[in-house]
Amino acid sequence: MTRELFHNNSTNTLEYTINSSVTTLTVTSASSFPASGNFRLLVDSEIMLVTGVSSNVFTVVRGYESTTAASHTSGATVSSILTSGSLARWAADLNHQRLTGGPPVGRLLDASGNALTSASFTVTNGVTGATVTDGPDGTLLGFYPAQSSGFQFVTLLRSISAPFSVVTALQFSFQSAADVGFWAGLLLADGSGMSVSHSFFLSDTGGFNLATSKMSSNTSESANYTQNFVWCNAPYLWLKAEDDGSSTLTFSFSHDGYNWNTSFSVSRTDWLSAGPSQCGLFFTTLGSASGGQPNGLVTFASYIEG
């Protein structure tokens with residue numbers, strides 16, 4: 001996730017006419033603009049996010065911050081602009097936990113940089129007493145009440161188109177009993193009920209397991225792709241899932257959201273026959289019938305689509 005960049009007096013003109021759908025534009029001279037993304041442009045009344053610079057050519061995301069992508073004629077003024085969205089991103093970049101330039105904490109954002117809340121997801125919750133609420137600091141809070149046995153995911157899903165990446169940072173805790181734990185992380189799904197989870201599991205012994213699993217439903221795990229013990233003393237646990245749109249799903253974890261370790265990769269159609277069409281979050285407690293299940297609480301401190 002690239003930090004927001006700013007530059008004074010960055011104004012030029014459009015070299016060629018563009019339509020409303022192209023994702024590159026050429027200016028007469030880019031010398032007064034930042035040498036790389038990300039920064040924001042105003043062309044007529046359309047805001048664009050510049051994600052890459054090559055000579056005088058900008059790679060852009062069109063219709064940013066709820067503006068409308070439109071055609072623009074040669075000679076139109078192209079200006080770097082300070083917007084409410086760029087200020088929000090700048091504030092997130094300055095978060096004291098995020099000085100590395102990784103994804104921001106306290107921000108839930110779609111691929112266009114628009115803020116998300118719990119209402120942005122389709123929430124599936126078949127557990128009496130389980131709740132999903134918006135935190136006061138731009139986070140999502142999930143509560144899972146004690147159960148007698150088994151598990152059932154509480155899921156938060158959104159439609160998404162490949163290629164994509166999605167990142168989350170989370171913290172969780174639970175009231176422990178024997179042979180129980182709390183399970184939370186990212187979920188990729190295809191709308192049929194089948195999904196792939198990429199998650200951390202916190203056990204009653206205090207250790208973390210990093211697992212990528214094939215789920216046949218919200219109450220049934222088919223098999224683990226991979227499961228490994230990890231140790232992390234950072235404030236947040238970071239997870240990332242990527243779909244290249246052609247062949248591969250890649251799953252990673254991090255202690256800071258900036259330095260990533262790839263834990264597993266697999267064909268995007270191995271379990272989900274057409275690949276993922278939804279992404280989001282899930283949480284649940286997990287325990288044996290003898291130990292019972294605890295109350296669990298998870299904070300999703302970051303959720304960033306890209």
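Trainee: Leu87: buried, partly exposed or exposed?

Mentor: Leu87 counts as partly exposed, because its relative accessibility is 40%. Buried means under 20% relative accessible area, exposed over 50%, and partly exposed in between, with a 1.4 Å probe and protein chains only. This is a predicted model: local features need pLDDT of at least 70, side-chain atom pairs count only at pLDDT 80 or more, and totals for chains, interfaces and linings use all residues. Residues are numbered from 1 along each chain as its sequence is written, and side-chain values use heavy atoms, with hydrogens and water left out.

Trainee: Where is Leu87 placed?

Mentor: In helix H1, residues 84-93. Helices (H or I, at least four residues) and strands (E, at least two) are DSSP runs, numbered from the N terminus. The protein chain has one helix and 21 strands.

Trainee: Which residues form a nonpolar patch on the surface with Leu87?

Mentor: Phe6, Leu82 and Trp90. With Leu87, they have about 400 Å² of accessible area together. Areas come from the Shrake-Rupley method with a 1.4 Å probe; for residues, only the protein chains shown count as cover. Patch members have over 30% relative accessible area and no salt bridge; nonpolar side chains (Val, Leu, Ile, Met, Phe, Trp, Tyr) are joined within 5 Å, like charges within 9 Å.

Trainee: New topic. How many salt bridges does a search of the whole structure find?

Mentor: Five. The criterion is a side-chain nitrogen of Lys or Arg within 4 Å of a carboxyl oxygen of Asp or Glu. Take Arg40 and Glu4: their closest N and O atoms are 2.8 Å apart. That pair links distant parts of the chain, with Arg40 in strand S3 (residues 39-43) and Glu4 in the segment before S1, 36 residues apart.

Trainee: Is Arg40 buried or exposed?

Mentor: Arg40 counts as buried, because its relative accessibility is 5%. Glu4 is buried as well, at 8%. Glu4 and Arg40 are also linked with Glu65 in a network of salt bridges.

Trainee: What about Arg158, which residue does its side chain meet in a salt bridge?

Mentor: Glu305, at 2.8 Å, N to O. Arg158 sits in strand S11 (residues 154-159) and Glu305 in strand S21 (residues 296-305), 147 residues apart. Both Arg158 and Glu305 are buried.

Trainee: Last one. What joins the side chains of Ser10 and His7?

Mentor: A polar contact of 3.3 Å. That term means a pair of N or O atoms within 3.5 Å; within protein, one must be able to donate a hydrogen and the other to accept it, and residues adjacent in sequence count only if both atoms are side-chain atoms. Ser10 is buried, with a relative accessible area of 2%.
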